[in-house]
Amino acid sequence: PPVIGVLALQGDTEEHLRVLRGIGATAVPVTDSGRLDQVQGLVLPGGESTTMGKLAVRYGLLEPLRKRIRAGMPAYGTCAGMILLADRIIDGAQGQETVGGIDMTVRRNAFGRQTESFEGAVDIEGLEGGPVDAVFIRAPWVESTGPDVRVLGQTGEGGAAGRIVAVRQGSLLATSFHPELTGDARIHRLFVDIVKGTA
Ligand code: GLN
């Protein structure tokens, strides 16, 4: 079975490891490029994208991450991880660097003060069993996407309806929300299937 890495620089690495192991995947934390070489797919967790970016530079991981993703390694980013996978960001910190890979523009902390954190049902294209209970924590949304990006989910009724919060481009997957926090492993299963080449 494939080995799935979870970037372990900062953020909710442990929660992703737990969900992945819970569905029978082999999951390991990734803190250096040696470990990165050993995984067939990588989860980029939620947390603080500027901090994660800085730590990736400090630990010599930014270029190796870019290289692996350019070479086709499947990756799944949640929240801050989504920001890291974006080719372009709006409202990033001064000089904020991303890993990139998904041809999209992501707006950081997009939902604003009143809805800094909220939960809502989001339908995900191709996912059986009804909408996911999506938890947003100072979450980004996807402002625009290039032609190769498939929009998988948008926010429903309410203050900020119709915002793109789940996307896929080839074997790269990203969500604004945190399925690792809700006990619903369907999106992680989808990612494992992407890594196996069956989805
Ligand atoms: N607001 C954070 C950032 O910009 C992301 C928050 C999260 O991952 N829950 O990096």
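In helix α6 (residues 186-196), the buried residues are Ile187, His188, Phe191, Val192 and Val195. They lie on the same side of α6, because they cover an arc of only 145° around the axis, the arc being that of the directions from the helix axis to the C-beta atoms. A residue is buried if 20 or more other C-beta atoms lie within 10 Å of its own, exposed if 12 or fewer, and partly exposed in between, with C-beta atoms placed from the backbone. Helices (H or I, at least four residues) and strands (E, at least two) are DSSP runs, numbered from the N terminus.

The elements covering the buried residues of α6 include β1 (3-7), α1 (13-22), β3 (41-44), β4 (75-78), β8 (132-137) and β12 (172-175).

## Basis of the model

This is a predicted model, in which local features need pLDDT of at least 70 and side-chain atom pairs count only at pLDDT 80 or more, while totals for chains, interfaces and linings use all residues. Residues are numbered from 1 along each chain as its sequence is written.

## Overall fold

The protein has 6 helices and 12 strands, and 47% of its 199 residues count as buried.

Among contacts with a separation of 6 or more, 65% join residues 24 or more positions apart; a contact requires C-beta atoms, placed from the backbone, within 7 Å.

## Nonpolar core

The largest nonpolar core has 60 residues, and Leu85 and Val167 have the most contacts inside it. Helix α5 (residues 80-85) gives the most to this core, with 5 residues. Such a core is a set of buried Ala, Val, Leu, Ile, Met, Phe, Trp, Tyr and Cys residues joined through C-beta atoms within 7 Å.

Not counting residues up to four places away in sequence, Leu85 touches Leu44, Ala75, Gly77, Val99, Gly100, Gly101, Ile102, Leu172 and Ala174.

## Ligand surroundings and positive phi

The residues around the ligand (C-beta atom, placed from the backbone, within 6 Å) include Gly46, Glu48, Cys79, Arg108 and Arg138. Arg138 is found in the loop between β8 and β9 (141-145) and has a positive phi near 40°. With 17 other C-beta atoms within 10 Å, Arg138 is partly exposed.

Asp91, in the loop between β5 (86-90) and β6 (102-107), also has a positive phi, near 65°. Asp91 counts as exposed because it has 12 C-beta neighbours inside 10 Å.

Methods
Contact = placed C-beta atoms within 7 Å.
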